[in-house]
Amino acid sequence: MSDHTYSVSLTWTGNQGTGTSGLRDFTRDSECSSENHPSIPLSTDPAFLGDGSRYNPEELLAAALSNCHMLSFLFLCTQAKIIVTAYKDAATVIRTADPGQLGSLTSAILKPKVTLADESQRPDADTLHAKAHKMCLIAQALSIPVQIEPAG
């Protein structure tokens, strides 16, 4: 067995001259980078004084969860001799915030839409989502419930 290490660099770019002297005196902007990858502009949700044109951590979590599930699902379909010709997901992470507090992540929903070469294999393909969920390292690392609602 071998270890695989995944590293990123995060740089806060929101100092507007006075640092964190007040809540509105800095932006929540940052850049995430990794060797041989394009930078990802980050912030937080505008409801938390962020820049809505940048990715926020919750969106990145939804992307990581969705991508991990897809990769696990495609692997299982290959093993089951089910040919997938297209895959699209609408992933959502829900953050519940109380006024004046950070709140918490409460759930996630994946809505994968899978196109198959042979539609008669749909029942078998749909059952693989539960197995893919168990294989997905991101899903297993989360403490929130993850619903999977295939939209075949």
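Trainee: Which elements each supply at least two residues of the lining of the largest pocket?
Mentor: Start with the general idea. A probe the size of a water molecule, rolled over the atoms, shows where empty space is left. In this predicted model, four elements each give at least two lining residues: β2 (30-33), β3 (40-42), α1 (57-79) and α3 (137-141). The top contributor is α1, with six residues.

Trainee: What is the volume of the largest pocket, and which residues lie nearest its centre?
Mentor: The volume is about 670 Å³. The lining has 19 residues. Nearest the centre are Y6, V8, H37, A64 and I138.

Trainee: How do the residues of the lining divide into nonpolar, polar and charged?
Mentor: There are 13 nonpolar residues and six polar ones.

Trainee: In which strand is confidence lowest, and in which is it highest?
Mentor: Strand β5 (residues 91-96) is lowest, at a mean of 94. Strand β4 (residues 84-88) is highest, at 98.

Trainee: Now charges. How many salt bridges does the count come to?
Mentor: In general, side chains of opposite charge can pair when their charged atoms come close. The cut-off used is 4 Å between a side-chain nitrogen and a carboxyl oxygen. By that rule the count is seven.

Trainee: Which residue forms a salt bridge with D29?
Mentor: R54, with the closest N and O atoms 3.6 Å apart. D29 sits in the loop between β1 (9-12) and β2, and R54 in the loop between β3 and α1, so the pair ties together parts 25 residues apart in sequence. Both D29 and R54 are buried. The two also belong to a network of salt bridges that links D29, E31, D51 and R54.

Trainee: What does the salt bridge between R95 and E58 tie together?
Mentor: The closest N and O atoms of R95 and E58 are 2.7 Å apart. R95 is in strand β5 and E58 in helix α1, so the bridge ties together parts 37 residues apart in sequence. R95 is partly exposed, at 26% relative accessible area. E58 is buried, at 17%.

Trainee: Where do D126 and R122 lie?
Mentor: Both are in helix α2 (residues 122-135), four residues apart, about one turn of the helix. D126 is partly exposed, with a relative accessible area of 30%. R122 counts as buried, at 10%.

Trainee: Last, the overall fold. How many helices and strands are there?
Mentor: Three helices and eight strands. From the N terminus the order is β-β-β-α-β-β-β-β-α-α-β. The radius of gyration is 19 Å, well over the 15 Å that the globule rule gives for 152 residues, so the protein is more spread out than a compact globule. The C-alpha atoms fill a box of roughly 60 × 40 × 30 Å along the principal axes.

Trainee: What share of the 152 residues is buried?
Mentor: Buried residues make up 28%.

Technical notes:
Residues are numbered from 1 along each chain as its sequence is written. This is a predicted model: local features need pLDDT of at least 70, side-chain atom pairs count only at pLDDT 80 or more; totals for chains, interfaces and linings use all residues. Side-chain values use heavy atoms; hydrogens and water are left out. pLDDT is the predictor's confidence in each residue, from 0 to 100. On a 1 Å grid over the protein atoms alone, a cavity is a set of points where a 1.4 Å probe fits but cannot get out, and a pocket is an open set with protein on both sides within 12 Å along at least five of seven lines; lining residues have an atom within 4 Å of a point. Grid points are joined across faces, edges and corners, and a volume is the space filled by probe spheres set on the points. Ala, Val, Leu, Ile, Met, Phe, Trp, Tyr, Cys and Pro count as nonpolar, Asp, Glu, Lys and Arg as charged, and the others, Gly among them, as polar. Buried means under 20% relative accessible area, exposed over 50%, partly exposed in between (1.4 Å probe, protein chains only). The radius of gyration is taken over C-alpha atoms; the globule rule is 2.2 Å times the number of residues to the power 0.38.
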